[in-house]
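Reader: I would like to go through the terms used for this model and ask what stands behind each of them.

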Amino acid sequence: MSLELHPDRLFPADPTVRDIARELYDSVSTLPIISPHGHVPPQWIADDVAFEDPTSLLITPDHYITRLLHASGVDLADLGVRTHLDADAARRAFRLLCEHWPVFRGTPMRYWFESQLVEVFGAYLEPSATSADALYDRISSWIEAPTSRPRALMQQFGIEFLATTDDPCDDLAHHARIAGDESFTPRVVPTFRPDVYLEPARSTWVPAVDRLAEVSGIDTGDYAGWVAAMEDRRAYFREHGAVSTDHSHRDLGTQRLPAAEAETLYAEARAGRISVTDGDRLRRHMVDEMARMATEDGLTMTLHPAVHRNHHGPTLERFGADVGADIPIGVEVTQALAPLLGRYGTHPNLTLVVFTIDETVYSRELAPLAGFYPALRIGVPWWFIDAPDAIRRFRAAVSETAGFTRTSGFIDDTRAFLSIPARHDMSRRLDCAHLAELVAQHRLGLDEAAETARYLVVDQPRQVFGI
Amino acid sequence: MSLELHPDRLFPADPTVRDIARELYDSVSTLPIISPHGHVPPQWIADDVAFEDPTSLLITPDHYITRLLHASGVDLADLGVRTHLDADAARRAFRLLCEHWPVFRGTPMRYWFESQLVEVFGAYLEPSATSADALYDRISSWIEAPTSRPRALMQQFGIEFLATTDDPCDDLAHHARIAGDESFTPRVVPTFRPDVYLEPARSTWVPAVDRLAEVSGIDTGDYAGWVAAMEDRRAYFREHGAVSTDHSHRDLGTQRLPAAEAETLYAEARAGRISVTDGDRLRRHMVDEMARMATEDGLTMTLHPAVHRNHHGPTLERFGADVGADIPIGVEVTQALAPLLGRYGTHPNLTLVVFTIDETVYSRELAPLAGFYPALRIGVPWWFIDAPDAIRRFRAAVSETAGFTRTSGFIDDTRAFLSIPARHDMSRRLDCAHLAELVAQHRLGLDEAAETARYLVVDQPRQVFGI
Amino acid sequence: MSLELHPDRLFPADPTVRDIARELYDSVSTLPIISPHGHVPPQWIADDVAFEDPTSLLITPDHYITRLLHASGVDLADLGVRTHLDADAARRAFRLLCEHWPVFRGTPMRYWFESQLVEVFGAYLEPSATSADALYDRISSWIEAPTSRPRALMQQFGIEFLATTDDPCDDLAHHARIAGDESFTPRVVPTFRPDVYLEPARSTWVPAVDRLAEVSGIDTGDYAGWVAAMEDRRAYFREHGAVSTDHSHRDLGTQRLPAAEAETLYAEARAGRISVTDGDRLRRHMVDEMARMATEDGLTMTLHPAVHRNHHGPTLERFGADVGADIPIGVEVTQALAPLLGRYGTHPNLTLVVFTIDETVYSRELAPLAGFYPALRIGVPWWFIDAPDAIRRFRAAVSETAGFTRTSGFIDDTRAFLSIPARHDMSRRLDCAHLAELVAQHRLGLDEAAETARYLVVDQPRQVFGI
C-alpha cells in the first residue's frame with residue numbers, strides 16, 4: 001500500500017473549522033523547533049554519529065513502540081532490547097514491527113513513524129509484511145548518506161534549541177564540545193535531573209551521594225553538604241547552558257521538615273537505614289529545597305510525577321529499566337504543592353511546570369492553581385497522552401480556567417531523534433485545530449487565534465524555559 | 001478593534017447542528033431569568049445603590065478576573081482588592097485589565113465581560129491598552145444614568161427571581177425592605193448559609209454559636225440548643241422567602257454520631273478544645289441534621305464541597321478570603337452520602353443538590369445516584385467549570401445515566417451582578433447546542449428538544465428550588 | 001407520535017464523517033452477534049419459554065429502567081419488583097413507563113427500548129400516556145406468536161454465541177439440555193461467577209463453601225480443599241462449554257498471602273470469625289488463585305470491580321438486591337493488579353479483561369497496562385457507561401495508547417433479552433462513528449477502518465473469549 005501524508009491530517013472534518021485550522025497552521029508550520037525537554041543522547045550530536053541500522057535507530061530505543069509489540073506477543077529481546085542483534089536479526093526485528101503494523105492503528109506512534117517514513121526517509125510505503133524489506137533497505141541506504149547525521153538533521157529539521165537530560169554528576173563534556181563548535185548554530189543544552197539524589201530510601205542513593213561529593217568536591221556527610229553540593233552542580237549545569245531541572249517522583253509532596261529533623265533523617269539515610277516512609281518525607285523536603293534553589297539560580301523546575309516504575313518485575317530483571325513497563329498512577333496536586341507554593345508561588349524568579357498523565361487534575365487542580373500562582377505553569381500532555389485526542393482534551397480542560405498563557409509550551413520528551421519534527425508538527429496541528437474550533441464558535445477572533453498559535457510555538461517555550 | 005457579539009456564538013460549527021441549536025435557542029432566549037443561587041449583596045437592591053466606578057463594579061469584587069491577572073503578575077492591591085483606589089488608581093486598574101486582555105482568551109470571563117460591554121454598556125470596543133480609557137469613560141457615564149441602578153437593571157435583564165447568600169444570624173432587613181416594596185415585582189430572597197456554625201473545630205465557631213444564641217434567643221449551650229436555634233433561624237429565613245440552604249465543607253460526609261457522642265463532642269467544641277478530626281465528625285453529623293430539618297421545612301439543600309480555601313497563606317494574610325486563592329480538591333460522593341441517602345434519599349420533602357468541580361464524579365457517582373434517589377439532583381457546573389467546554393462535558397457525562405430531569409437547573413453563583421444575563425444566556429446556548437447534537441444524531445426529536453430546552457430554563461429551577 | 005428509527009442514528013452530523021460511518025456500518029451491521037457476557041436465564045432457552053406479558057418481559061427485571069422511574073417517584077412495587085402484578089396492575093405498570101417516557105430522553109434505555117418497539121414488535125408509536133394501551137396490546141399479541149420464543153428469536157437476531165452467568169454449584173442442567181439439542185445451532189454456554197465463594201467475611205460465605213463441598217465432593221475444610229473444589233467446578237463448567245469466569249469485588253487487589261497465613265485466615269473464615277479486613281486480604285489472595293487457575297485451564301477471567309452494592313438499605317430490605325441501587329465508586333488499577341500481573345501478565349494462557357465504570361483509569365492506567373501486558377485486555381464500557389457519548393470517550397481515551405487490539409470486544413451484560421440486538425447494533429454504530437472520525441481526520445485509511453470495524457465485531461470477542 002502506498003503511503004501519503006494528507007496535508008489536512010489531524011484537522012477537524014468540518015469544512016469551516018478545517019479551513020481555519022489550515023490557515024492557522026500555515027502561519028506556524030515552518031517556525032523553528034524549540035525542544036526544552038527530551039532525551040536525545042548528547043554524544044550523538046557531539047560526535048555527529050552515524051546511525052547503525054533501521055532497527056537500532058527506530059525501534060530498539062523507543063519504548064513507545066516496543067511496549068505495544070510486547071503486548072502483542074513479541075519478545076523484547078527480538079527487538080534488540082538489551083540484546084545484540086546481528087544484521088539478520090535487526091532486519092527480522094524491523095519485519096516484526098511491519099507485520100504488527102495494524103496494532104498501532106489509532107496511536108500517535110503510527111503517526112510519528114509514518115511521518116518519518118515520508119518526510120525523513122522519502123519512503124512512500126505503508127509498513128506491512130510485504131513492504132518490510134523494501135523499507136528496511138530504503139532506510140539503510142538513507143543512513144549511509146552524509147546528510148543523515150545528527151548535526152545536519154538538526155539543521156534540516158529547524159531545531160533551534162534542544163535540551164538533553166543529564167545526571168548531576170555528568171561532566172557535560174559532550175555539551176562543552178557542541179558549544180565549542182562555533183560552526184554549529186543550534187543550541188544544545190543539558191538538563192539537571194537529580195531524581196536518584198532525592199530518593200534517600202533507595203539502594204542507589206548512598207553511592208549517588210558519594211559520587212556527588214567526589215564530583216563537587218564537597219563533603220556530603222550532612223544535609224548542609226548535600227545542599228551545597230547540589231547548588232554547586234546546578235551552577236555547573238547553568239554554566240554549561242542548562243535552563244531547567246527535571247524531577248520525577250511518586251507524588252508531588254513538598255512538605256518541609258524542621259531543620260533538625262532533616263539533619264537526623266539525612267544521617268539515617270547516609271547510614272543506609274532510613275525507612276521508606278521517612279525516605280519519602282526527606283525527599284519531599286529536598287524537592288522543596290530544589291525549588292528554593294530555583295528561586296535563586298532561575299532554573300525552571302519541571303515535575304513529571306506519579307509513575308509506578310518497572311511495573312513488571314521479570315521484565316526489569318531481564319531487560320532493565322525504561323523499556324515500556326512504567327505505568328501511571330493517580331496524583332494529587334492541590335494539597336501536595338500547597339507548602340511549596342505557599343513559600344515560592346509568587347516568587348518572581350521561579351517557574352514551576354507540572355506535567356501529569358492523570359488527566360483528572362487538569363480542570364480540577366492544575367488550571368485553578370496556575371490561574372492564580374504566577375510561578376506555576378501547566379505542562380502540556382506528556383508521554384501516553386501526547387496524542388491527538390488527549391491534547392484536545394487538555395486544551396478543553398485548562399483553557400477555560402487558565403487561558404493559553406499559563407501552559408508550558410510543547411515539549412517532545414523523546415529519545416526518538418528523527419521523530420522530533422513530526423511531534424512538534426502534531427502539536428502545532430492540534431493547537432491550531434483547537435483554536436480553529438474557538439474561532440468557528442465565535443469565541444475567539446481569527447487574528448487572535450493566529451497570534452496565539454505563534455505564541456504557543458515560539459514565545460511560550462522561550463518564556464517558560466528562559467531561553 | 002471593534003467588538004461584536006456573533007448571533008451564533010457558542011453554537012457548533014456544523015451547519016446542520018448550528019441551525020437546530022439556533023432554532024432551539026430562539027425559543028428560550030427571552031425567557032425570564034431565575035437565579036436560585038448567587039452572591040449579589042441584597043443591600044444593592046434594597047437601597048437601589050448607584051455604582052461607583054467601572055473598577056469597583058467590574059473588577060475588584062470579581063475573583064474570576066482578579067485571579068488570572070494575579071497569575072499574570074498583577075498585584076491584587078492594584079486592582080483594589082482590600083485596598084482603596086482613588087479615581088486615578090481606579091482608572092489604572094481598569095487599564096491593567098485591558099492591557100492583559102489576551103490572557104483571558106478561551107475563558108468564560110472574557111465571554112461574560114465582552115457580553116456586558118456590548119449588551120449592558122453599548123461599548124463596541126475590544127479591551128486593549130488603546131481602548132482602555134475610552135471604555136472606562138463609556139462605562140463611567142453609563143453608571144451615572146438613572147436606569148443604571150440595580151432595580152431597573154433587574155427588570156431590564158428579566159430577572160424574575162434572585163436568591164442571595166446570607167448568614168443565619170442576619171436580620172434580613174434588606175430582604176424585608178425589598179419584599180415590602182410592592183412596586184418592585186422581581187422576587188429577591190435570602191439563602192441560609194450556615195457553614196461557620198457547622199465547623200466546630202474552627203476558631204470562628206464559638207463566637208458564631210454565641211451569636212446564634214443571642215439572635216435566636218435559644219441557649220446553644222448543648223447540642224439540643226444548637227438544633228433548636230438552627231431550626232429557629234431556618235424558620236425565620238423561610239418566613240423571609242428563603243427557598244434553600246447552602247453548604248460548603250471539605251468533604252461530603254454525612255455519618256451521624258450516637259446521640260451521646262454528639263453531645264460530648266459538642267460540649268468539647270463549646271469549651272474550645274475539640275480536635276480537628278472530631279470537629280469533622282461532628283460537622284458530618286450536623287450536615288445530616290440539616291438534611292433532617294430540610295425534610296421537615298422543605299428548604300432545598302445545596303452542597304458545594306471539596307475546596308481547599310485560602311490556598312496561599314500570604315495572600316490570606318494580606319487580602320483576606322475570597323480573592324481567588326481557593327482551589328478544588330477531589331471529592332468522593334457514593335460512600336460519603338450513603339448515610340444521609342439511606343435515611344432521607346426517598347423522602348418526598350427533601351431536595352438535595354450536589355455541585356462539584358471534580359468532574360470525575362459526574363458519570364461515576366452523581367449520575368448513578370441521582371438516577372436512583374428521588375431526593376437527589378446533580379448540580380450544574382459551578383465556578384471554574386461554569387464554562388462552555390465543561391458544560392458540554394457535564395451534559396455528555398450525566399444525561400446518559402440520569403437524563404435531563406435529574407439535574408438542578410442553571411445557577412449563576414455570581415456576585416458580578418451585571419454578568420447575570422450573559423451567564424444565563426451562555427447556559428441556554430450550550431444546553432441548546434447539546435440538545436441540537438442529539439437531534440442531529442437522531443437521538444432526540446426536535447419537538448422533544450425544544451420542550452427540554454424550555455424545561456431546563458424555567459421549569460427545572462422552579463421545581464428543584466420550590467419556587 | 002409516530003416512531004421511526006433513522007438509518008443514520010448515532011452517526012456524527014458532519015456529512016463527510018457520517019457518510020464514512022454509514023459505509024463502515026453497512027459492512028458490519030448484519031454480522032452475527034457474539035455475546036460473551038450477559039445475564040439471560042438459561043432456562044428461558046432450555047425450555048423455550050413463552051413470555052408472560054409486556055411488563056414482566058420489558059420492565060420488571062430491567063433495573064436500568066426501574067431505577068430512573070424510581071428516581072422519578074414511582075414505587076418499585078408498582079413496577080412488579082419482587083411483587084406479583086395481576087393483569088390490570090401489569091398494564092398500569094407499563095402505563096407508568098409510558099407516562100414517564102420524557103425522563104429517559106438522552107439515555108440509551110430510550111434508544112434500546114424504541115429499537116425494540118420498531119424492530120422486534122413492529123410498534124411504530126412513541127411511548128406516552130396516550131399510546132400506552134395500544135403499545136401494551138401490540139406487545140401482548142406479539143408475545144402470543146409462536147415465533148416469539150427465545151430459540152426462534154436467537155436465530156432471528158443472529159445470536160451465534162451467548163454466555164449466561166452461573167453459580168459454581170449450578171448443575172448446568174439447562175445448558176446440558178440446550179447443548180444436547182442438535183437442531184438448535186447457536187451456542188449457549190455458562191460463565192463461572194464465584195463472587196460469593198471469594199468473600200470470606202460475608203455471612204453467605206460459610207454456607208456457600210459448605211455447598212461447594214457437597215457439590216464437588218471435595219472437603220472444603222481447609223484452603224487446599226477450597227482450591228481443589230474450585231478447580232473441580234471450573235473443570236465442570238469447561239466441560240459444559242464455559243469460556244470465562246467473572247468476578248466482581250470492591251477493589252482489584254491481588255496481593256497473595258504467605259501460604260501459612262492463607263491457611264490461618266481460611267480457618268478463621270470457616271469458623272465464621274474472620275474480620276472484614278482479613279476477609280478482604282484473603283479474598284485478594286483468592287482472586288490471584290483464580291488467575292493461577294486461569295493460566296492452567298485457559299478460561300478468560302473478567303473483572304467488574306468497584307461497585308457499592310445495595311446503596312439504599314430500605315430498598316434492599318424491601319426488594320432485595322439487583323434492583324438499581326448499586327452505585328459505582330473509584331477504582332485503582334496500576335498498583336492493585338501489580339502482584340497478579342507480575343506473576344501472570346505475560347503468561348501465554350491467560351486473558352484477563354478489566355471493566356470499569358470509573359472512566360479516569362482508561363487513559364491513566366488501563367490503556368498503559370494493556371499496552372504492555374499481553375495477558376491484559378481493556379473491557380469496553382459497561383453498565384452505566386454502555387452509552388453513546390461514554391463509548392466515544394472510551395475509544396478516544398484508550399486507542400491512542402493501546403490501539404484497537406487491546407480491548408475486549410463488545411459485551412452486552414444484559415438480562416433484557418430482546419434488547420440484545422439493539423445493544424450490539426449501538427456498539428457497532430458507535431465504533432464505526434469513531435473510526436469514521438479517524439478516517440475523516442486522515443489518521444486511518446478507509447480500508448483499515450473497515451478491517452478494524454469487522455475485527456471489533458467478530459474477531460476480537462472470539463479471540464478474547466477463546467470462542
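**Chain B against chain C**

Author: Between chain B and chain C the count is 5 salt bridges. The model is a predicted one.

Reader: What makes the pair R105(C) and E448(B) a salt bridge?

Author: A side-chain nitrogen of Arg has to lie within 4 Å of a carboxyl oxygen of Glu. For R105(C) and E448(B) the N to O distance is 3.8 Å, so the pair meets the 4 Å cut-off.

Reader: Which elements of chain B give two or more residues to the side that touches chain C?

Author: They are α15 (338-344), α16 (360-370), α17 (388-402), α18 (420-440) and α19 (446-464) of chain B. α16(B) gives the most, with 8 residues.

Reader: How large is the area buried between chain B and chain C?

Author: About 3500 Å², of which carbon and sulfur atoms give 54%. In chain B, R364(B), F372(B) and E400(B) lose the most area to chain C, together 22% of what that side buries. In terms of contact, 41 residues of chain B meet 46 residues of chain C.

Reader: Why are chain B and chain C said to be related as by a three-fold rotation axis?

Author: Chain B is superposed on chain C by a rotation of 120° with 0.0 Å of shift along its axis, at an RMSD of 0.0 Å. The two copies are therefore related as by a three-fold rotation axis. They use different surfaces: 5% of the contact residues of chain B recur in chain C.

Reader: What makes α6(B) mostly covered?

Author: Buried means under 20% relative accessible area, and 11 of the 12 residues of α6(B) are buried. Among them are W112(B), F113(B) and E114(B).

Definitions and conventions:
Residues numbered from 1 in each chain as written. Chains lettered and ligands numbered in written order. Predicted model: local features only at pLDDT ≥ 70, side-chain atom pairs only at ≥ 80, totals over all residues. Heavy atoms only, no water. Least-squares fit on C-alpha atoms with pLDDT ≥ 70 in both. Contact = heavy atoms within 4.5 Å. Buried < 20%, exposed > 50% of the residue type's maximum accessible area, 1.4 Å probe, protein only. Helix = DSSP H or I, 4+ residues; strand = E, 2+ residues; numbered from the N terminus. Buried area = accessible area lost by both parts, 1.4 Å probe.
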